[in-house]
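Here's a quick tour of one chain, written for someone who likes to know what the numbers rest on. Have the coordinates open while you read.

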Amino acid sequence: MRALRLVSCMSGWKCAIAGCGSTFGTVEGLLAHQVTDHDAHTCEVCDETIPEGYFAIKHGLEEHTRAEYVRYYDGDAAAVREREEVLDAVNDALDPAVLKDLLSDERANALDTTEPDPVTTK
Ligand SMILES: [Zn+2]
Ligand SMILES: [Zn+2]
C-alpha cells in the first residue's frame, strides 16, 4: 500500500495507485474508479479486504492504531501524517451520496473520459 498519494489540484483528482495516474474531475469519480478498476487491498493488519486507495487508507487509519499501522506498513510518522492529509482532503471534498450513486449503478466508467486540464502550472 505504498505510493497512494492522491493529488488534488485545479484540474481534479489523480489516482496515485502505482502504475495508474488516471485523472478525474471529481473526488467521487476517483473513488469509484479505485473501487471498480483496481484490485482490492488486503489489510496487512487484519486481513480484511478493502478497495485500494482511499478506502484502504481510511481503513488502516480508522480501524487500527497508528502504532499498528506503522509496524505493518513499514511506515513512519511522516507517512501516517501524509495519509491523514489525504483523508482530510478527500473527506472535505467527498459527497457520500454522489459516490454511493456512482457505485450503485456503475456509471464510474463514464468518468474515465474526463479530460485532463491543460493548465498544470503550480
Ligand atoms: Zn487508478
Ligand atoms: Zn485492517
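One cut-off to have in hand before we start: a residue counts as buried if 20 or more other C-beta atoms lie within 10 Å of its own, as exposed if 12 or fewer do, and as partly exposed in between. Keep in mind, too, that this is a predicted model.

Now try that cut-off on two residues. P96 sits in helix α5, and because it has 10 other C-beta atoms within 10 Å, P96 is exposed. D92 belongs to helix α4; with 9 C-beta neighbours inside 10 Å, D92 counts as exposed as well.

| Pair | Separation in sequence | C-alpha to C-alpha distance |
|---|---|---|
| P96 and E28 | 68 residues | 7.9 Å |
| D92 and V27 | 65 residues | 9.8 Å |

**Overall layout**

The secondary structure of the protein chain amounts to 5 helices and 5 strands. Reading from the N terminus, the order is β-β-β-α-β-β-α-α-α-α. Of the 122 residues, 29% are buried. If you take contacts between residues at least 6 apart in sequence, 47% of them link residues at least 24 apart.

How far does the predictor trust itself? The average pLDDT for the protein chain is 83, and 76% of the residues score at least 70. Over residues 1-5, pLDDT stays under 50, and the model has 12 contacts beyond four places in sequence for that stretch.

**The core and α1**

Nonpolar side chains tend to be buried together in soluble globular proteins. Here, the largest nonpolar core has 17 residues, and V27, L30, L31 and A32 have the most contacts inside it. At least two core residues come from each of α1 (27-37), α2 (54-63), α4 (77-93) and α5 (96-105). Which helix gives the most to this core? That's α1, with 5 residues.

α1 is mostly covered, too: 9 of its 11 residues are buried.

UniProt, in an unreviewed entry, lists residues 15-38 as "domain: C2H2-type". In the model, the end C-alpha atoms of residues 15-38 are 10 Å apart, and the span is 46% helix and 8% strand.

**α4, one face in and one face out**

What length should you expect for α4? Its 17 residues, at 1.5 Å a residue, should span 24 Å, and the end C-alpha atoms are 25 Å apart, which agrees. The buried residues in α4 are R83, V86 and V90. Looking down the axis of α4, its buried residues fall within an arc of 50°, so they line one face of the helix. On the other side of α4, the exposed residues are A77, A78, R81, E85, D88, N91 and D92. Cover for the buried residues of α4 includes α1 and α2.

In α2, the buried residues are Y54, A56, I57, H59 and G60. What covers them includes α1, α3 (66-72) and α4, together with the strands β4 (41-42) and β5 (49-50).

Definitions and conventions:
Residues numbered from 1 in each chain as written. Chains lettered and ligands numbered in written order. Predicted model: local features only at pLDDT ≥ 70, side-chain atom pairs only at ≥ 80, totals over all residues. Core = buried A, V, L, I, M, F, W, Y, C linked by C-beta atoms within 7 Å. Helix = DSSP H or I, 4+ residues; strand = E, 2+ residues; numbered from the N terminus. UniProt positions renumbered as here; feature names shortened; annotations may be inferred. Contact = placed C-beta atoms within 7 Å. Expected span 1.5 Å × (residues − 1). Arc of directions from axis to C-beta. pLDDT = per-residue confidence, 0-100.
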